[in-house]
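Dear colleague,

I am passing on the structure we spoke about, placed just below, and after it comes a written account of what turned up when I went through it. Please read the two side by side.

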Amino acid sequence: MSFLLRRTSSKLLATGRSMSTSKILQAPLLLTPSETSRVLREDNGVLLDASWFMPNASHSGKVEFGEKRIPGAQFLDLDEVASPHELGLKHMMPEPQTFAEACGKFGIDSKTSVVIYDSHGVFSSPRALFMFRAFGHENSSILNGGLPAWVAEGGLLETGAVQQHPAKQYATPQLNQQMIRGYEQMVSNSALEVTGGSASELVLDARSKDRQKQTSSDGLEYTVFRQPDDLNRELESAVGAELARSIIEGKQPVTTTCGSGMTAAVLWLGLRLLGVKDIALYDESWTGYAMRPSSKIIKN
């Protein structure tokens, strides 16, 4: 998955796409720090810190948020804004009413401009963006490079008491079921042969080979998304030129997965940046699949 991202300095931050400050129905997927400032200032946007750490990490997104954050940000706890799962899994997609209630408490309605970031750079913010887009909130973006990019460009930070936005009413949305895959769908798909056509979905795993073999863990070296030309070359390197072309042309549907459903959203966003539309995300990912006794697992 890290092939979609690169480390950078403030001089190399992607410029992103220009964003109108008028109310829009669909926002760019990525914003630069300066574009983020403009959205917050001129569009009265809402800023969410969606930082999340692996369960064995010594850090806490909520604790770090209290210590330093972008001024005006509110903390989106992806484990709390989630629906209970039969296997006890965390940060699963919430029920529509749960999502609507959380948005209302943040001062978000269906027309609000929403910008999401995390303290890694790009790690958990794509999962939050995926959630908003899956519920049809197209006026949502992530800050490319997150908190590190904001600081690198001289952005101010705040600490202490959190500024609460006035609550709003968020109409209960409908979840786009085409963007989500469950266990039974993955089992059915695995029985089909990937032919480069639409007979089955190609499953792309965001974990490194070491994590797939469960021999070591990833270092979270995430910063900003690569430029589209680089993304395209890296996709070709990962799956081959012919299959990459089929994906980009919409001939080969894709489902992304990872360890727990978090970084699968990084793959989803990287493919969206390449113009790919037919992408789903396996919500419970490997953790849920491996916990089920009936699952077939191939070990190399």
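This is a predicted model: local features need pLDDT of at least 70, side-chain atom pairs count only at pLDDT 80 or more; totals for chains, interfaces and linings use all residues.

Going through the pairings one by one, S2 and S6 run parallel and are joined by two bridges, with Leu30 standing opposite Ile142 of S6. S5 pairs with S3 in the parallel sense over four bridges, and here Asp49 faces Tyr117 in S5. Three bridges join S5 to S6, again in the parallel sense, and Val114 has Ser140 of S6 as its bridge partner. Between S5 and S6 the chain passes through helix H4 (residues 125–134), and this β-α-β crossover is right-handed.

Turning to helix H1 (residues 33–42), its buried residues are Pro33, Glu35, Thr36 and Val39. Viewed down the axis of H1, these buried residues fall within an arc of 160°, so they line one face of the helix. After H1 comes Asn44, which has a positive phi, near 55°.

For the charged side chains, a search of the whole structure finds 11 salt bridges, and I describe a few of them here.

One of them is between Lys62 and Glu80, whose side chains meet at 3.1 Å, N to O. This pair links distant parts of the chain, with Lys62 in helix H2 (residues 61–67) and Glu80 in the loop between S4 and helix H3 (96–105), 18 residues apart. Lys62 counts as partly exposed because its relative accessibility is 42%, whereas Glu80, with a relative accessible area of 55%, is exposed. The two also belong to a network of salt bridges that links Lys62, Asp77 and Glu80.

Another salt bridge joins Arg69 to Glu158, and the closest N and O atoms are 3.1 Å apart. Here too distant parts of the chain are linked, since Arg69 sits in the loop between H2 and S4 and Glu158 in the loop between H5 and strand S7 (180–181), 89 residues apart. Arg69 is buried, with a relative accessible area of 0%, while Glu158, at 22% relative accessibility, counts as partly exposed.

A further salt bridge is formed by Glu284 and Arg292, with 2.9 Å between the closest N and O atoms. Where does each partner fall against the cut-off for burial, which is under 20% relative accessible area? Glu284 counts as buried because its relative accessibility is 6%, and Arg292 counts as buried as well, at 16%.

Two individual residues complete the account. Thr112 is placed in the loop between H3 and S5 and is buried, with a relative accessible area of 4%. Leaving aside residues up to four places away in sequence, Thr112 touches Val46, Gly107, His137, Asn139 and Lys168. Val266 belongs to helix H10 (residues 264–273) and is buried, with a relative accessible area of 0%. Val266 and Val122 are 144 residues apart along the chain, and their C-alpha atoms are separated by 7.8 Å.

Key: Residues are numbered from 1 along each chain as its sequence is written. Side-chain values use heavy atoms; hydrogens and water are left out. Buried means under 20% relative accessible area, exposed over 50%, partly exposed in between (1.4 Å probe, protein chains only). The arc is that of the directions from the helix axis to the C-beta atoms. Two strands pair if DSSP finds at least two bridges between them. A crossover is right-handed if, with the strands pointing away from the viewer, the path from the first strand over the helix to the second runs clockwise. A salt bridge is a side-chain nitrogen of Lys or Arg within 4 Å of a carboxyl oxygen of Asp or Glu. Contact means heavy atoms within 4.5 Å.
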